[in-house]
Amino acid sequence: MDSDKKPNIIVTRRLPDAVHARLVDLFDATLNANDTPFSQEQLKSAVKTADVLVPTVTDKIDADVIAAAGSRLKLIANFGAGTDHIDIAAAHAKNIIVTNTPGVLTEDTADFAMALILAVPRRLVAADRLTRAGEFKGWTPTGILGHRVRGKKLGIVGMGRIGQAIARRAHAFGLKVHYHNRAPVSPPIEDALHATYWPDLDSMMANMDIISINCPSTPQTHHLISAERLAAMPAHGVIVNTSRGEIIDEAALAAALASGQIAGAGLDVYENEPKIHPGLLGLPNVILAPHIASATHESRLEMGEKVMINIRALYDGHRCPDRVLPP
Ligand code: 8YV
């Protein structure tokens, strides 16, 4: 690239105004003003002409899109932490770097997971619906009874940054923290989190009151929460997912919730977003959020900063700080 020329950046979605302004200030940046997700054809045409593509979770950057990339494309700087929608191996084979935005959305995502962990057993959304429907006729001893959270066992599936941030909150709320991970975290971290490791996911699921999904989506975690594992949960069990929909067999979950095999769920992510399994939509014991666990003004700004830092590092001749390797 000509060193005087600003790199050409294509951003597939509309971003907060402050991020937008800084991107166009620093780079020859084009953002998607109408915010409609790009089609595969639009993605292919973007990677042909751009030096840097800034996609989000709504873009499927598969091998076909990577194959269409021109020799200019040096970096895919994802606006988000999860990169399961990007074929990183195919990008690396063409010497295209992939970066993400870890860390800046950890605490917000953990807050949202904790909100679901509290809201499902305490029936917060059902209570709001009842009140708006004019059904609040005054206090009763038996109205909208939920279940106590304190003292219950929470099983965290995936003890990475977000899992650990949830563990800290859960301990403060009096939950007993358990976790399953490919390997245990180090003893000092485990001690600080007051967490108990379960090498076997099946045994953990059978023994928990609440399960929180916090592992990344990879071929190995696809439908990790299967019909069989849901069946192993106790009937009062609750499951919360703020990671990726593909980790749970969504049809099996809808069936388990409808039959009363498990008691409730709080979902922020779905297997085929933006579609949601129709069986979930009518269930009173499920809270359905539209993939907003990290949706705070603060995190979106910091995600934008991370994207810009990664692009600047590359064009200033440094290593991008948030390089992602193939899973
Ligand atoms: C982001 C997320 O908002 O960062 C992630 O992996 O799931 C979300 O919280 C989204 O990915 C933006 O691309």
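**Entry 1: the sheet.** I found an open sheet of 5 strands in the order β2-β1-β3-β4-β5, paired in parallel. At its edges stand β2 (28-31) and β5 (97-99); each has a single partner strand, so one side of each is left without a neighbour in the sheet. Neighbouring strands are turned by 15° against each other on average, direction ignored. I took strands (E, at least two residues) and helices (H or I, at least four) as DSSP runs numbered from the N terminus, and two strands as paired if DSSP finds at least two bridges between them.

I then looked at one pair: β3 (residues 52-54) and β4 (residues 75-77) run parallel and are joined by 2 bridges. Leu53 has Ile76 of β4 as its bridge partner.

**Entry 2: basis of the values.** The model is predicted, so I note that local features need pLDDT of at least 70 and side-chain atom pairs pLDDT 80 or more, whereas totals for chains, interfaces and linings use all residues. Residues are numbered from 1 along each chain as its sequence is written, and side-chain values use heavy atoms, without hydrogens and water.

Entry 3: Helix α13 (residues 297-315) lies across β1 (8-11), β3, β4 and β5, and runs at about 160° to β4. Such angles run from 0 to 180 degrees between N-to-C directions, with axes fitted to C-alpha atoms, for helices over the stretch in contact.

The domain assignment, automatic or from a database, gives domain 1 (8-104 + 296-315) and domain 2 (106-288). Their centres, taken over C-alpha atoms, are separated by 31 Å. To the contact (heavy atoms within 4.5 Å), domain 1 gives 8 residues and domain 2 gives 5 residues.

**Entry 4: the second largest pocket.** I recorded a volume of about 390 Å³. A pocket is an open set of points on a 1 Å grid over the protein atoms alone, with protein on both sides within 12 Å along at least five of seven lines; a cavity is a set where a 1.4 Å probe fits but cannot get out, and lining residues have an atom within 4 Å of a point. Volume is the space filled by probe spheres set on the points, which are joined across faces, edges and corners.

The pocket is lined by 22 residues, with Val120, Pro121, Arg123, Val238 and Ala263 nearest its centre. α6 gives the most to this lining, with 4 residues.

**Entry 5: the cavity.** How many cavities of 30 Å³ or more does a search of the whole structure find? It finds 1. The largest cavity holds about 30 Å³ of space, and among its lining residues are Asn241, Glu250 and Val269.
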